[in-house]
Amino acid sequence: MRDEYFNPKETPITYILVAINIITFIVLEIMGNTTDGLFMLLNGAMNPNKVLVEGEWYRLLTATFMHFGIEHLMNNMLLLFLLGQIFERAVGPVRYLGIYLGSGLTGSFLSFFFMCLMGKNDIVAGASGGIFGIVGGMLIVILVHKGKYKGISTKRMLIMAGLTLYFGFAYAGTDNVGHLGGLTAGIIITFFTYGIPTLIKGSHVDFESEKNYTLKQDDINEE
């Protein structure tokens, strides 16, 4: 257990991401109350009016490192810490960071876009988009590795994703559009950056065993 989950040298990005989220939460708690929507809005949470009218597009990113209360933070960080390390070992730290941030931003943008379409003006924050991106990415990793990776099967990951989405839809106040956006982005980005290269490497052509089709000198007709 210690070797698998408590070695920052092997999974540095996961530790850094968890640390940033926790530090951000502590700083915000010192400044005010993270369960107060207005306070969170004033300090970087995502809101359609702030983004579209006031042009504060940075909120699409800052919101992914903010959480409404300690329970929200702990639930997300537990998933990020446990699943993130497995995913980082599979795809590598650089690719992992790109998938996480890309999924988080995609989730934020789709949430923003959906609220604009529906005429809503909610205040949104949380790392769920990036975490769902990891879940989607793990599905690709498992499929590429023929249905199982590090003891996790495709069926188990699908159940995990399904249950997480279900609980999101079952409880009010959950940004399900952001979750779906992050999940979809994680699947797509991981497929193109990890899935395809891995499949190509796994099915490479052994040229030494191929027949030699070079023409013999006698078969060449000179003009």
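Contact here means heavy atoms within 4.5 Å. With that in hand, welcome to a predicted model, in which local features need pLDDT of at least 70, side-chain atom pairs count only at pLDDT 80 or more, and totals for chains, interfaces and linings use all residues. Residues are numbered from 1 along each chain as its sequence is written, and side-chain values use heavy atoms, with hydrogens and water left out. The protein chain has 10 helices and two strands; helices (H or I, at least four residues) and strands (E, at least two) are DSSP runs, numbered from the N terminus.

**The chain as a whole**

- Reading from the N terminus, the order of elements is α-α-α-α-α-α-α-α-β-β-α-α.
- The protein chain has 223 residues, and 41% of them count as buried; buried means under 20% relative accessible area, exposed over 50%, and partly exposed in between, with a 1.4 Å probe and protein chains only.
- Among contacts with a separation of 6 or more, 75% link residues 24 or more positions apart.

- Two packed helices are described by the angle between their axes and the distance between the axes.
- Axes are lines fitted to C-alpha atoms, for helices over the stretch in contact, and angles run from 0 to 180 degrees between N-to-C directions.
- Helix α7 (residues 93-118) and helix α8 (residues 128-144) have axes that come within 7 Å and cross at roughly 125°.
- That contact is made by Tyr96, Ile99, Tyr100, Ser103 and Gly104 of α7, with Gly129, Gly130, Ile131, Gly133 and Ile134 on the α8 side.
- α7 and α8 are therefore oblique to each other; angles under 35 degrees count as roughly parallel, over 145 as roughly antiparallel, 65 to 115 as roughly perpendicular and the rest as oblique.
- For α6 and α8, the axes come within 9 Å and cross at roughly 35°.
- Residues making this contact include Leu79, Leu80 and Leu83 of α6, and Ile131, Ile134 and Val135 of α8.
- The α6 and α8 crossing is left-handed, meaning that the near helix is turned anticlockwise from the far one by less than a right angle, with right-handed being clockwise.
- α8 also packs with helix α10 (residues 176-202) at an angle of about 35°, with the axes 6 Å apart, and this crossing is right-handed.
- Among the residues that meet there are Gly129, Gly133, Gly136 and Gly137 in α8 and Gly178, Gly182 and Gly186 in α10.

- Leucine 80 lies in helix α6 (residues 69-91) and counts as buried because its relative accessibility is 0%.
- Beyond its neighbours within four places in sequence, leucine 80 is in contact with Thr14, Leu17, Val18, Asn21, Gln85, Tyr96, Tyr100, Ile131 and Ile134.
- Threonine 11 sits in the loop between α1 (2-5) and α2 (12-31), and is buried at a relative accessible area of 0%.
- Alanine 127 belongs to the loop between α7 and α8, and is buried with a relative accessible area of 1%.
- Setting aside neighbours within four places in sequence, alanine 127 is in contact with Asn21, Thr64, Met66, His67, Asn76, Met77 and Tyr100.
- Alanine 127 and histidine 67 are 60 residues apart along the chain, and their C-alpha atoms are separated by 7.6 Å.
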